[in-house]
Amino acid sequence: MPVDYGEADILLVEDNPTDLELTLRVFKKHQLANRIEVARDGVEALDLLFGRGAPPERGSIRIPKVILLDLKLPKIGGLEVLRRIKSDARTRTIPVVVLTSSQEEQDLVRSYQLGVNSYIVKPVNFDQFTDCLRQIGIYWLFCNAPLNIDVA
(Lines give C-alpha, C1' and ligand atoms only; values in the text may rest on other atoms or scores of the structure.)
Protein backbone atom coordinates (compact mmCIF):
# COMPACT_ATOMS: atom_id res chain seq x y z
CA MET A 1 0.00 0.00 0.00
CA PRO A 2 1.29 3.46 -0.83
CA VAL A 3 2.31 5.10 2.40
CA ASP A 4 4.44 8.21 2.18
CA TYR A 5 6.00 9.52 5.37
CA GLY A 6 6.64 12.89 3.79
CA GLU A 7 4.04 15.64 3.84
CA ALA A 8 0.81 13.98 2.71
CA ASP A 9 -2.05 15.19 0.58
CA ILE A 10 -4.39 12.91 2.51
CA LEU A 11 -4.31 11.23 5.87
CA LEU A 12 -6.66 8.27 5.47
CA VAL A 13 -7.77 6.81 8.81
CA GLU A 14 -9.50 3.54 8.04
CA ASP A 15 -9.40 0.12 9.70
CA ASN A 16 -11.56 -1.81 7.21
CA PRO A 17 -9.16 -3.48 4.71
CA THR A 18 -11.77 -3.55 1.91
CA ASP A 19 -12.68 0.14 2.27
CA LEU A 20 -8.99 1.05 2.57
CA GLU A 21 -8.02 -0.80 -0.61
CA LEU A 22 -10.98 0.61 -2.56
CA THR A 23 -10.21 4.16 -1.44
CA LEU A 24 -6.56 3.87 -2.43
CA ARG A 25 -7.53 2.41 -5.83
CA VAL A 26 -10.01 5.21 -6.55
CA PHE A 27 -7.53 7.94 -5.68
CA LYS A 28 -4.83 6.27 -7.79
CA LYS A 29 -7.13 5.61 -10.77
CA HIS A 30 -8.33 9.22 -10.85
CA GLN A 31 -4.88 10.64 -10.02
CA LEU A 32 -6.32 12.57 -7.10
CA ALA A 33 -3.56 12.23 -4.52
CA ASN A 34 0.10 11.48 -4.93
CA ARG A 35 0.85 11.18 -1.25
CA ILE A 36 -1.44 9.29 1.07
CA GLU A 37 -0.59 8.35 4.62
CA VAL A 38 -2.64 5.52 6.09
CA ALA A 39 -3.53 5.00 9.72
CA ARG A 40 -5.42 1.85 10.66
CA ASP A 41 -6.47 2.96 14.15
CA GLY A 42 -6.86 6.11 16.21
CA VAL A 43 -3.49 5.82 17.96
CA GLU A 44 -1.65 5.52 14.64
CA ALA A 45 -3.55 8.53 13.26
CA LEU A 46 -2.54 10.72 16.19
CA ASP A 47 1.04 9.44 16.02
CA LEU A 48 1.23 10.35 12.32
CA LEU A 49 -0.26 13.80 12.87
CA PHE A 50 1.66 14.77 15.95
CA GLY A 51 4.96 13.10 15.06
CA ARG A 52 5.07 10.57 17.87
CA GLY A 53 6.48 7.08 17.48
CA ALA A 54 8.54 5.43 14.75
CA PRO A 55 10.29 6.25 12.53
CA PRO A 56 12.66 8.14 14.84
CA GLU A 57 13.17 11.12 12.53
CA ARG A 58 9.55 12.11 13.11
CA GLY A 59 8.76 14.86 15.54
CA SER A 60 7.03 17.65 13.68
CA ILE A 61 3.34 18.18 13.13
CA ARG A 62 2.02 16.59 9.96
CA ILE A 63 -0.25 18.86 7.92
CA PRO A 64 -2.13 16.95 5.22
CA LYS A 65 -4.50 18.79 2.90
CA VAL A 66 -7.40 16.73 4.27
CA ILE A 67 -8.05 13.95 6.76
CA LEU A 68 -10.55 11.22 5.86
CA LEU A 69 -11.61 9.79 9.20
CA ASP A 70 -13.61 6.68 9.95
CA LEU A 71 -15.43 6.80 13.29
CA LYS A 72 -15.45 3.16 14.34
CA LEU A 73 -11.73 2.64 14.94
CA PRO A 74 -9.78 0.35 17.25
CA LYS A 75 -7.71 1.66 20.18
CA ILE A 76 -8.97 5.27 20.03
CA GLY A 77 -12.29 6.01 18.33
CA GLY A 78 -12.73 8.50 15.54
CA LEU A 79 -14.65 11.02 17.65
CA GLU A 80 -11.76 11.21 20.12
CA VAL A 81 -9.27 11.57 17.25
CA LEU A 82 -11.42 14.40 15.86
CA ARG A 83 -11.60 16.05 19.30
CA ARG A 84 -7.81 16.01 19.64
CA ILE A 85 -7.25 17.35 16.12
CA LYS A 86 -9.68 20.22 16.56
CA SER A 87 -8.54 21.09 20.09
CA ASP A 88 -4.90 21.60 19.10
CA ALA A 89 -4.11 25.01 17.56
CA ARG A 90 -1.50 23.39 15.31
CA THR A 91 -3.98 21.03 13.61
CA ARG A 92 -7.34 22.75 14.13
CA THR A 93 -7.51 24.15 10.58
CA ILE A 94 -6.87 20.84 8.79
CA PRO A 95 -10.10 19.88 7.04
CA VAL A 96 -11.52 16.65 8.46
CA VAL A 97 -14.08 14.63 6.55
CA VAL A 98 -15.77 11.86 8.50
CA LEU A 99 -16.26 8.96 6.11
CA THR A 100 -18.16 6.32 8.02
CA SER A 101 -20.82 3.65 7.82
CA SER A 102 -22.45 5.10 10.95
CA GLN A 103 -25.87 6.60 10.37
CA GLU A 104 -26.38 7.23 14.07
CA GLU A 105 -27.64 10.74 14.69
CA GLN A 106 -25.52 11.05 17.84
CA ASP A 107 -22.34 10.44 15.78
CA LEU A 108 -23.41 13.06 13.23
CA VAL A 109 -24.27 15.64 15.89
CA ARG A 110 -21.14 14.99 17.96
CA SER A 111 -18.92 15.18 14.87
CA TYR A 112 -20.22 18.63 13.98
CA GLN A 113 -20.00 19.76 17.61
CA LEU A 114 -16.32 18.79 17.54
CA GLY A 115 -15.69 20.76 14.35
CA VAL A 116 -15.82 18.25 11.49
CA ASN A 117 -15.86 19.88 8.06
CA SER A 118 -18.05 17.24 6.42
CA TYR A 119 -19.86 14.05 7.45
CA ILE A 120 -20.37 11.43 4.76
CA VAL A 121 -22.07 8.08 5.22
CA LYS A 122 -20.29 5.52 3.04
CA PRO A 123 -22.57 4.41 0.22
CA VAL A 124 -23.14 0.66 0.21
CA ASN A 125 -23.29 0.51 -3.60
CA PHE A 126 -19.81 0.06 -5.13
CA ASP A 127 -20.29 2.58 -7.96
CA GLN A 128 -21.78 5.19 -5.61
CA PHE A 129 -18.92 4.68 -3.13
CA THR A 130 -16.37 5.07 -5.93
CA ASP A 131 -18.04 8.24 -7.22
CA CYS A 132 -18.30 9.65 -3.70
CA LEU A 133 -14.57 9.14 -3.12
CA ARG A 134 -13.74 10.75 -6.46
CA GLN A 135 -15.85 13.79 -5.61
CA ILE A 136 -14.29 14.06 -2.14
CA GLY A 137 -10.82 14.02 -3.67
CA ILE A 138 -11.64 16.59 -6.32
CA TYR A 139 -13.25 18.99 -3.87
CA TRP A 140 -10.84 18.80 -0.93
CA LEU A 141 -7.62 18.53 -2.95
CA PHE A 142 -8.35 20.84 -5.88
CA CYS A 143 -11.34 23.11 -5.14
CA ASN A 144 -11.01 23.88 -1.44
CA ALA A 145 -8.77 26.80 -0.49
CA PRO A 146 -6.89 25.60 2.62
CA LEU A 147 -6.02 27.91 5.45
CA ASN A 148 -2.24 27.66 5.78
CA ILE A 149 -1.12 29.22 9.03
CA ASP A 150 2.06 28.74 10.95
CA VAL A 151 1.26 28.14 14.59
CA ALA A 152 4.24 28.11 16.89
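A residue counts as buried when its relative accessible area is under 20%. In this predicted model, Trp 140 has a relative accessible area of 11%, so Trp 140 is buried. Tyr 139 has a relative accessibility of 41% and therefore counts as partly exposed. The two residues also meet through their rings. A search of the whole structure finds one aromatic pair. The ring centres of Tyr 139 and Trp 140 lie 4.8 Å apart, and the ring planes stand at 90 degrees, so the pair is edge-to-face.

The strands form an open sheet. Five strands take part, in the order β2-β1-β3-β4-β5, and their pairing is parallel. The edges are held by β2 (36-39) and β5 (118-121). Each edge strand has a single partner, so one side of each is left without a neighbour in the sheet. From one strand to the next, the twist averages 20 degrees.

Several strand pairs can be followed residue by residue. β1 and β2 run parallel and are joined by four bridges. Across this pair, Leu 12 stands opposite Val 38 in β2. β1 also pairs with β3 in the parallel sense, over four bridges. Here Ile 10 stands opposite Val 66 in β3. Strand β3 (residues 66-69) is joined in turn to β4 (residues 96-100) by three bridges, and these strands run parallel. Leu 68 has Val 97 as its bridge partner in β4.

In a regular strand, side chains alternate between the two faces of the sheet. Two strands show burial on both faces. In β3, Val 66 and Leu 68 are buried on one side.

β1, α1 and β2 make a right-handed β-α-β unit. Helix α1 (residues 17-29) has 13 residues. From its first C-alpha to its last, α1 reaches 18 Å, close to the 18 Å expected at 1.5 Å a residue. An α-helix has 3.6 residues a turn, so residues three or four places apart point the same way. The buried residues of α1 are Asp 19, Leu 20, Leu 22, Thr 23, Leu 24, Val 26 and Phe 27. These buried residues pack against β1, β2, β3 and α5 (126-143).

β3, α3 and β4 make a right-handed β-α-β unit. Helix α3 (residues 78-87) packs on the sheet and touches β3 and β4. The direction of α3 makes about 160 degrees with that of β3.

Asp 9 lies in the segment before β1 (10-13). Asp 9 has a relative accessible area of 6%, so this residue is buried. Neighbours within four places in sequence are left aside in its contacts. Asp 9 is then in contact with Ala 33, Asn 34, Arg 35, Pro 64, Lys 65, Val 66 and Leu 141. One of these, Val 66, is also the β3 residue that stands opposite Ile 10.

Definitions and conventions: Residues numbered from 1 in each chain as written. Predicted model: local features only at pLDDT ≥ 70, side-chain atom pairs only at ≥ 80, totals over all residues. Heavy atoms only, no water. Buried < 20%, exposed > 50% of the residue type's maximum accessible area, 1.4 Å probe, protein only. Contact = heavy atoms within 4.5 Å. Phe/Tyr/Trp six-rings, centres within 6.5 Å; stacked < 30°, edge-to-face > 60°. Pairing = 2+ DSSP bridges. Axes fitted to C-alpha atoms, helices over the stretch in contact; angles between N-to-C directions. Right-handed = clockwise from strand over helix to strand, strands pointing away. Expected span 1.5 Å × (residues − 1).
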